[in-house]
Amino acid sequence: MEIRKPNDSEYKNILSLSPQALLEGTLCEAKPSDEKVKQLIEPLLQKGSYYLIATEGDNLMGWILIGTSKDQFTEKIHGFIYELFVLEEFRGNGISKQLMEAGIEHLKQDGYSEVRLSVYAGNQAIKLYEKLGFKNRTITMSMNI
């Protein structure tokens with residue numbers, strides 16, 4: 001398996017699969033259109049965020065989208081993991097962990113001393129994030145009325 005930045009055709013493939021990634025990442029709460037995905041991702045890429053992909057041969061196995069973010073209270077800049085996704089047929093092989101480790105290393109090399117991410121409560125990826133050392137920082141709560 002190789003982890004690297006995608007070429008143009010791989011990038012287009014990621015964009016075509018991103019609605020599914022967002023659907024699963026939000027536990028089926030959000031069902032974004034291709035256009036909505038572009039509206040979410042394009043500004044991140046324009047500000048310097050980038051993908052790392054996991055491939056084997058010509059097979060795209062998964063990706064991580066990393067970049068920067070600013071703490072709304074302290075104004076401190078930190079690394080941020082915006083998206084992590086592994087295609088269903090490749091799950092259970094440790095690819096998510098390898099993508100996370102590669103993404104964290106890239107953010108470290110980019111000069112960040114802290115990495116943050118957001119995840120839906122109940123998402124199975126929380127277990128991986130905790131194993132990697134992530135801790136709860138803020139909790140968003142909701143209530144139907």
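Strand 3 and strand 4 form a hairpin in which 6 residues lie between the two strands, and Glu 75 in the turn has a positive phi of about 70°. The structure described here is a predicted model. Strand 3 and strand 4 run antiparallel and are joined by 9 bridges. One of the residues involved is Leu 65, whose bridge partner in strand 4 is Glu 83.

A hairpin is also formed by strand 2 and strand 3, with 2 residues between them. In its turn, Gly 57 has a positive phi of about 65°. Strand 2 covers residues 50-56 and strand 3 covers residues 59-70, and the two pair in the antiparallel sense over 7 bridges. Ile 53 has Trp 63 of strand 3 as its bridge partner, and Glu 56 has Asn 59 of strand 3.

In general, the strands of a sheet pair through backbone hydrogen bonds, either parallel or antiparallel.

Helix 2 (residues 34-46) has 13 residues, and at 1.5 Å a residue it should span 18 Å. Val 37, Ile 41 and Leu 44 are the buried residues of helix 2. Gly 48, which follows helix 2, has a positive phi, near 105°.

Thr 55 is found in strand 2. Its relative accessibility is 4%, and because buried means under 20%, Thr 55 counts as buried. Leaving aside residues up to four places away in sequence, Thr 55 touches Met 1, Glu 2, Arg 4, Glu 10, Leu 60 and Met 61. Two of these contacts, Arg 4 and Glu 10, form a salt bridge with each other. The closest N and O atoms of that pair are 2.6 Å apart. Glu 10 counts as buried at 15% relative accessibility, whereas Arg 4, with a relative accessible area of 23%, is partly exposed.

The structure holds 9 salt bridges. Among them is the one between Arg 116 and Glu 114, where the closest N and O atoms are 2.9 Å apart. Both Arg 116 and Glu 114 are buried. Glu 114 also forms a salt bridge with Arg 137, with the closest N and O atoms 3.8 Å apart. This pair links distant parts of the chain, 23 residues apart: Glu 114 lies in the loop between helix 3 and strand 5, and Arg 137 in the segment after helix 4 (125-131). Arg 137 has 51% relative accessibility and therefore counts as exposed. Through salt bridges that share partners, Asp 71, Lys 76, Glu 114, Arg 116 and Arg 137 are joined into one network.

Definitions and conventions. Residues numbered from 1 in each chain as written. Predicted model: local features only at pLDDT ≥ 70, side-chain atom pairs only at ≥ 80, totals over all residues. Heavy atoms only, no water. Helix = DSSP H or I, 4+ residues; strand = E, 2+ residues; numbered from the N terminus. Expected span 1.5 Å × (residues − 1). Buried < 20%, exposed > 50% of the residue type's maximum accessible area, 1.4 Å probe, protein only. Pairing = 2+ DSSP bridges. Contact = heavy atoms within 4.5 Å. Salt bridge = Lys/Arg side-chain N within 4 Å of Asp/Glu carboxyl O.
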